Amino acid sequence: MSFQHKLDSLLNKGKAKLKEYTDGKPTGQPQQGYPQYPQQHPQQSPPQQYPPQQYQQQPYYNNGPPPPPQQYQQYPGYQNPSPGPPPVPTWNKPQSPEVQSPYAQPPIPNAATRPHNPPSNTQPYWQPNFDPSIPINHVFIQETGAHGWGNNESQNYTTNPENCFFTPDHSLVLRGIVNSNSHDRYTSARLISEQRLSRQRGYLSVKIRAPSATGIWPAFWLLPAEPFTWPDDGEVDIFESWNGEGMNHSCLHWGHFNGEDWNKHRVVDTPIPDLRDREVQVGFAWDQEQDVNGARGRMVWYVDGRAVMKAPIPEGTRRMSDWRVIINVAMGGNVCQGKLPADGTYDFVLRELGTWDAPAGGWEQFGRDFEGTKEGRTM
């Protein structure tokens, strides 16, 4: 992808966020005097413990070609009445020139990029249990809607168990489904953590397997808890990649996408050419001098244990302890340059999500990472 295309996609992302938080909500969703997420979430009965099984059980990363489109006619609704374990992620991808053949086992990253957990002398203070017996909405708020999300996106975010579930090996799966034979052709999931960062300083980390294909935009990011004002309160993007480009975009935004706010954006692009073929660990560490809005502080973004971007906490943004995790898989829209995904399933698999009292190596290492890492470029 050319630099101009990258820049266009990032600018479109900013325009989409502004539209989403101002006039991108469908009529009838509650609004207040500032842009924010809708405060009402649909009431739902407790979901089944497991999405009824529609797949043959197979090893966790065993892949095969996606089912032909006509087989999807039995997929929506899960007609099988007998409960069973949730479908094991199969990493089905549409067979196209840009999608490589799937593999049986994930490759082992080399020592320079090997993901690692924080050392034993750091303590987690939040580690959600991704157990299939726990309903998704006990851990996350499930946002729903098919109104384009300010970006002309095509997906319908649902609470359906086929779009979001926990697996027996304690992974979280957000599954985008494209089914041209269904009236609801593009379905996916969007989650917001009930838990906030809740501390003045800490480290957020997760291991992911991300879908990488044309028209697909998975993201793991942060926003302040509602009510909030976008973009003044800030936005942190820890992982996002679109259109199968094999690139992660670490971002910080606290301004509009206009000439006046040109300096209120920071972006670093990290190439991950084998993104579709392996697990990646991403992390974000923050250290704020005071637990108050607008207090000074430092932030560092990590990919596979390596610091890739730093930034001072912008003046006037919401205090870090008030922020929540957002996870979603979007499809199409302006950021994807109008490209749409082919029929198939697109799994965003996350495991070992948690927040720790310090990053790997402790706060002294964080200080060295901050000193030795570049600040992102402006937009």
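Predicted model: local features only at pLDDT ≥ 70, side-chain atom pairs only at ≥ 80, totals over all residues.
Q: What makes Arg-298 lie over the face of Phe-370?
A: Arg-298 is 5.5 Å from the centre of the ring of Phe-370. The rule asks for NZ of Lys or CZ of Arg within 6 Å of the ring centre and within 35 degrees of the ring normal. Arg-298 lies over the face of Phe-370, so the pair counts under this rule.

Q: Which ring has the charged end of Arg-199 over it?
A: The ring is that of Tyr-125, with the charged end of Arg-199 sitting 4.0 Å from its centre.

Q: How many helices and strands does the chain have?
A: The chain has two helices and 17 strands, taken as DSSP runs (helices H or I, at least four residues; strands E, at least two) and numbered from the N terminus.

Q: What makes the pair of Phe-130 and Phe-140 tilted?
A: The structure holds nine aromatic pairs. The ring centres of Phe-130 and Phe-140 are 6.3 Å apart, and their planes stand at 35 degrees. Rings of Phe, Tyr and Trp (its six-membered ring) pair with centres within 6.5 Å; planes under 30 degrees apart are stacked, over 60 edge-to-face, the rest tilted. The pair of Phe-130 and Phe-140 is therefore tilted. Phe-130 is in the loop between strand S1 (124–126) and S2, Phe-140 is in strand S2, and the two are ten residues apart. Ring pairs also bring Phe-166 into a cluster with Phe-130 and Phe-140.

Q: How do you know whether Phe-130 is buried or exposed?
A: Phe-130 has 2% relative accessibility. Buried means under 20% relative accessible area, exposed over 50%, partly exposed in between (1.4 Å probe, protein chains only). Phe-130 therefore counts as buried. Phe-140, at 1%, is buried as well.

Q: What makes the pair of Phe-284 and Trp-301 edge-to-face?
A: The planes of Phe-284 and Trp-301 are 65 degrees apart, with 5.1 Å from centre to centre, and the pair is edge-to-face. Phe-284 lies in strand S13 (residues 280–288) and Trp-301 in strand S14 (residues 297–303), so the pair ties together parts 17 residues apart in sequence. Phe-284 is buried at a relative accessible area of 0%, and Trp-301 is buried at 0% too.

Q: How do you know that strands S8 and S13 pair?
A: Two strands pair if DSSP finds at least two bridges between them. S8 and S13 share eight bridges in the antiparallel sense, and in S13 the bridge partner of Val-206 is Val-282. S8 also pairs with strand S17 (residues 344–356), antiparallel, over six bridges. In S17, Tyr-203 has Trp-356 as its bridge partner.

Q: What makes strand S8 mostly covered?
A: Strand S8 (residues 201–209) has nine residues, and eight of them are buried.

Q: Why are S2 and S12 called edge strands?
A: Seven strands form an open antiparallel sheet in the order S2-S7-S16-S9-S10-S11-S12. Strands S2 (140–143) and S12 (265–271) each have a single partner strand, so one side of each is left without a neighbour in the sheet. Within this order, S7 (residues 190–196) and S16 (residues 323–331) pair over four bridges, and Arg-196 stands opposite Arg-324 in S16.

Note on methods. Residues numbered from 1 in each chain as written. Heavy atoms only, no water.
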